[in-house]
Amino acid sequence: MVAFKRLKARLDTVNGKAFREATHDFRNAYYHRLSPRFVIGMTQIVTRHVDPKTKSVSYGFGGMEALDLAEVSALLAAQRDNCYGVFEAFQMLVQEQVTVITSNSTVAN
């Protein structure tokens with residue numbers, strides 16, 4: 001159970017709130033609306049906001065500057081490192097389960 005909690009904690013660091021805010025939720029926007037641009041350009045002239053409590057929808061007008069490539073590169077490098085941590089935690093979980101399975105099979109024999 002310890003290994004699962006570690007894996008869950010590390011999984012939560014991938015595409016977490018801070019990353020989504022820093023990239024203006026690029027990953028979701030890319031598939032569901034007009035995503036921010038890189039280096040030059042302006043996007044999200046119209047934004048949509050859903051109130052979590054009332055589920056009411058409002059729209060705003062404005063715009064967003066393009067994402068800075070150096071900043072995004074640093075964010076992606078951190079996400080890569082988070083993914084390495086997730087994989088390490090996953091390996092620990094598998095090893096924990098193998099240990100339990102093998103110890104139970106030797107008791108049964």
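Numbering starts at 1 along each chain as its sequence is written, and side-chain values use heavy atoms, with hydrogens and water left out. Since the model is predicted, local features need pLDDT of at least 70 and side-chain atom pairs count only at pLDDT 80 or more, while totals for chains, interfaces and linings use all residues.

**View 1. The largest pocket, about 370 Å³ in volume.** A pocket here is an open set of points on a 1 Å grid over the protein atoms alone, where a 1.4 Å probe fits, with protein on both sides within 12 Å along at least five of seven lines. Its volume is the space filled by probe spheres set on the points, which are joined across faces, edges and corners.

**View 2. Who lines the largest pocket.** There are 14 lining residues (an atom within 4 Å of a point), and R33, V46, T47, R48 and H49 lie nearest the centre. Strand 1 (42–43), strand 2 (46–50) and strand 3 (57–61) each give two or more residues to this lining, with strand 2 handing over the largest share, 5 residues. Strands are DSSP E runs of at least two residues and helices are H or I runs of at least four, numbered from the N terminus.

**View 3. The second largest pocket, with about 160 Å³ of space.** V14, N15, F19, T23, F26, R27, F38, L67, V72, L76 and Q79 line this one. Helix 3 (26–32) and helix 4 (69–108) each supply two or more of the lining residues, and helix 4 has the largest share, with 3 residues.
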